[in-house]
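The sequence and structure are shown below.

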Amino acid sequence: MIRCIPKGICSWNFSLGGDDHHATLEFNWGSEQGNITVDEIPFKVRKHGMLSGHWSLDRREEQVVSGKKTTAFTWTFEIQDSVDNLVLLAESTFTRSFRVERSGDVIAKIYPDHSFTRRATIDNLAQDLNFTTLAFSFWLVVLTWRRAQNNS
């Protein structure tokens with residue numbers, strides 16, 4: 001289990017800890033880009049075009065993980081790293097919970113601790129899932145939460 005704690009009461013930046021790993025997520029102000037640090041290794045989150053629906057996690061200008069929104073009207077992303085092709089999708093249109101699937105099998109669940117908080121939990125159901133890829137998946141989830149709040 002990975003605990004996801006916002007850095008402040010109104011912050012979209014997070015600390016993640018669990019499964020013998022630690023990460024921080026920091027959004028750039030006013031954009032959908034930023035930084036993720038995993039076990040003291042820095043990465044940059046880059047959005048590929050203002051309306052593209054494509055983000056990547058880069059280390060030293062090399063793409064490590066890629067995430068692409070599949071359609072304009074759903075919260076579904078195709079995530080690819082050097083090992084896996086994954087799907088990140090919302091559990092339903094009425095909750096903030098997400099799941100990560102590999103070949104149709106649920107390998108992780110991401111959900112808020114309760115309705116009125118940004119604190120969240122990641123249940124890593126597959127021990128072989130890369131923690132960096134999981135942190136990037138959480139980035140995309142936070143991005144959807146942030147967009148939903150900005151649109152309400």
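The sections that follow describe selected ion pairs and their surroundings.

## Overview

The model is predicted. It holds 8 salt bridges, among them D113 with R3, E32 with K47 and D128 with R102.

## The pair D113 and R3

A salt bridge joins the side chains of D113 and R3, with an N to O distance of 2.7 Å. Because D113 belongs to the loop between β11 (105-112) and β12 (120-124) while R3 is part of strand β1 (residues 2-6), this contact ties together parts that lie 110 residues apart in sequence.

D113 is partly exposed, at a relative accessible area of 30%. R3 is likewise partly exposed, with 30% relative accessibility.

## The pair E32 and K47

E32 and K47 form a salt bridge through their side chains at 2.9 Å, N to O. The two residues are 15 apart and link distant parts of the chain: E32 sits in the loop between β3 (21-27) and β4 (34-38), and K47 in strand β5 (residues 41-47).

Since buried means under 20% relative accessible area, E32 counts as buried at 16%, and K47 counts as buried at 18%.

The side chains of D128 and R102 meet in a salt bridge of 3.4 Å, N to O. D128 lies in the loop between β12 and α1 (131-151), whereas R102 is in strand β10 (residues 98-102), 26 residues away.

D128 is exposed, with a relative accessible area of 56%, whereas R102 is buried at 18% relative accessibility. Through salt bridges with shared partners, D84, R102 and D128 are joined into one network.

How values were computed. Residues numbered from 1 in each chain as written. Predicted model: local features only at pLDDT ≥ 70, side-chain atom pairs only at ≥ 80, totals over all residues. Heavy atoms only, no water. Salt bridge = Lys/Arg side-chain N within 4 Å of Asp/Glu carboxyl O. Helix = DSSP H or I, 4+ residues; strand = E, 2+ residues; numbered from the N terminus. Buried < 20%, exposed > 50% of the residue type's maximum accessible area, 1.4 Å probe, protein only.
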